[in-house]
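Biologist: I'm new to this one. Can you put it up and walk me through a few spots?
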Amino acid sequence: MDSFEDKLQQLREAFKAGLTKPAEFRAAQLQGLGHFLRDNKQQLQEALAQDLHKSTFESEVSEIAISQAEVDLALRNLRSWMKDEKVSKNLATQLDSAFIRKEPFGLVLIIVPWNYPLYLTLVPLVGAIAAGNCVVLKPSETSKATEKILAEVLPRYLDQSCFTVVLGGPQETGQLLEHKFDYIFFTGNAYVGKIVMAAAAKHLTPITLELGGKNPCYVDDNCDPQTVANRVAWFRYFNAGQTCVAPDYILCSQEMQERLVPALQNAITRFYGDNPQTSPNLGRIINQKHFKRLQGLLGCGRVAIGGQSDEGERYIAPTVLVDVQETEPVMQEEIFGPILPLVTVRSLDEAIEFINRREKPLALYAFSKRSQVVKQVLARTSSGGFCGNDGFMHMTLSSLPFGGVGTSGMGRYHGKFSFDTFSHQRACLLRSPGMEKINDLRYPPYSSRNLRVLLVAMEDRCCSCTLL
């Protein structure tokens with residue numbers, strides 16, 4: 001017997017009854033999310049520390065505060081986002097009302113990964129709620145402590161007739177995907193993303209895929225190596241490198257590599273001390289499976305910094321690899337850990353050619369004191385997001401969309417983009433039931449004169465006339 005069917009049917013009935021559509025209901029649920037974050041802040045921090053050894057600082061910056069900011073933004077702008085959007089009209093429709101109505105899709109499934117288990121749950125959930133949907137949340141079974149809070153505590157803050165949390169691993173997720181949803185939002189790797197997309201295709205369900213990839217970071221010769229090292233080390237080793245937008249490798253000249261390696265060593269020591277394993281600021285690998293995978297990548301190239309590991313603690317030191325070949329495993333898969341390969345190139349053109357012969361990444365970074373170099377990298381490449389002279393700070397702006405391109409994903413969210421993702425934009429034109437004489441131009445018997453007049457009237461132009 002299908003364990004999900006009854007609950008899904010209840011959610012569908014709640015949506016059909018219109019429970020989630022009023023602005024007041026949506027605002028109340030968003031306020032509930034805010035209360036959930038504030039009331040359970042310490043418990044959430046402890047869970048994130050248990051799952052990933054996240055420091056209070058990293059939990060606050062990348063999970064709790066940023067989620068609260070999304071809630072607050074949606075609450076401030078909810079009614080304006082929901083308003084019908086008036087559009088321009090042609091001469092033939094001047095007396096009519098033309099607008100776009102933002103409608104909820106219906107029953108939405110959100111599948112969450114383990115690396116940012118709170119943030120990657122709540123940010124899409126904010127968009128789905130603000131847009132007026134019923135939601136099934138599937139948190140990751142890998143981040144167990146956070147999953148427990150999401151399953152046991154979060155539902156107390158939401159209307160459980162419209163929102164539910166389901167638990168389980170790949171088998172249960174597969175069973176869930178056999179059901180028809182009105183929208184699916186998935187964050188994870190490309191392998192599972194293909195499975196989710198295939199399941200969605202059976203029902204012609206629209207989908208957002210937030211995936212990943214190998215994010216390049218180009219460093220120009222004119223950069224100050226210590227400034228680059230500080231910024232790169234921070235966003236490479238943040239969350240122990242388990243971040244989909246972290247730089248996966250650096251492209252630089254041999255000369256810059258020789259200057260950058262000691263600068264990276266200085267930054268790592270400054271951030272995490274002489275023995276990073278004892279630092280409270282460095283995370284741990286999520287589980288033994290990923291630890292073993294990353295341990296295998298330490299044999300690529302030559303270890304210039306770090307390389308130590310401790311299976312009992314799931315600890316891998318902040319590591320820098322040099323003399324890395326493009327054909328080695330560390331350059332063939334997304335690393336998703338605290339390992340940073342340096343690949344040498346002879347020129348900017350060679351770096352851009354290297355980037356462009358690989359799949360389009362989720363993020364791309366370029367460091368240079370010359371703005372034209374950064375702009376060249378931006379103009380001659382393609383990626384989900386781009387940041388010049390820093391790391392993933394572009395993700396802190398809710399005014400920018402976040403999403404991939406090609407194999408790094410499809411769709412976008414954050415801020416109003418989340419609301420738009422979970423909304424169907426319905427094209428609406430309301431015409432007068434009278435004034436039928438005006439329509440004679442379009443009815444048979446046809447004539448050349450009527451055709452000419454009708455084509456002029458239908459031209460896509462901004463017209464301020466109030467009379468035909």
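Modeller: We'll take one lysine and then a sheet. This is a predicted model, where local features need pLDDT of at least 70, side-chain atom pairs count only at pLDDT 80 or more, and totals for chains, interfaces and linings use all residues. Residues are numbered from 1 along each chain as its sequence is written, and side-chain values use heavy atoms, with hydrogens and water left out.

Biologist: Where does K214 lie?
Modeller: In the loop between β7 (207-210) and β8 (216-219). Strands are DSSP runs of E with at least two residues, and helices are runs of H or I with at least four, numbered from the N terminus.

Biologist: Buried or exposed?
Modeller: K214 counts as buried because its relative accessibility is 12%; buried means under 20%, exposed over 50%, partly exposed in between (1.4 Å probe, protein chains only).

Biologist: Which side chain joins K214 in a polar contact?
Modeller: That of D248, at 2.3 Å. A polar contact is a pair of N or O atoms within 3.5 Å; within protein, one must be able to donate a hydrogen and the other to accept it, and residues adjacent in sequence count only if both atoms are side-chain atoms. The backbone oxygen of E333 lies 2.7 Å from a polar atom of the K214 side chain.

Biologist: New topic. What's the strand order in the open sheet?
Modeller: β10-β13-β14-β9-β8-β15-β16, seven strands with mixed pairing; two strands pair if DSSP finds at least two bridges between them. β10 (302-305) and β16 (385-388) are at the edges with a single partner strand each, so one side of each has no neighbour in the sheet.

Biologist: How many bridges join β9 to β14?
Modeller: Three, and the two strands run parallel. L251 has V343 as its bridge partner in β14.
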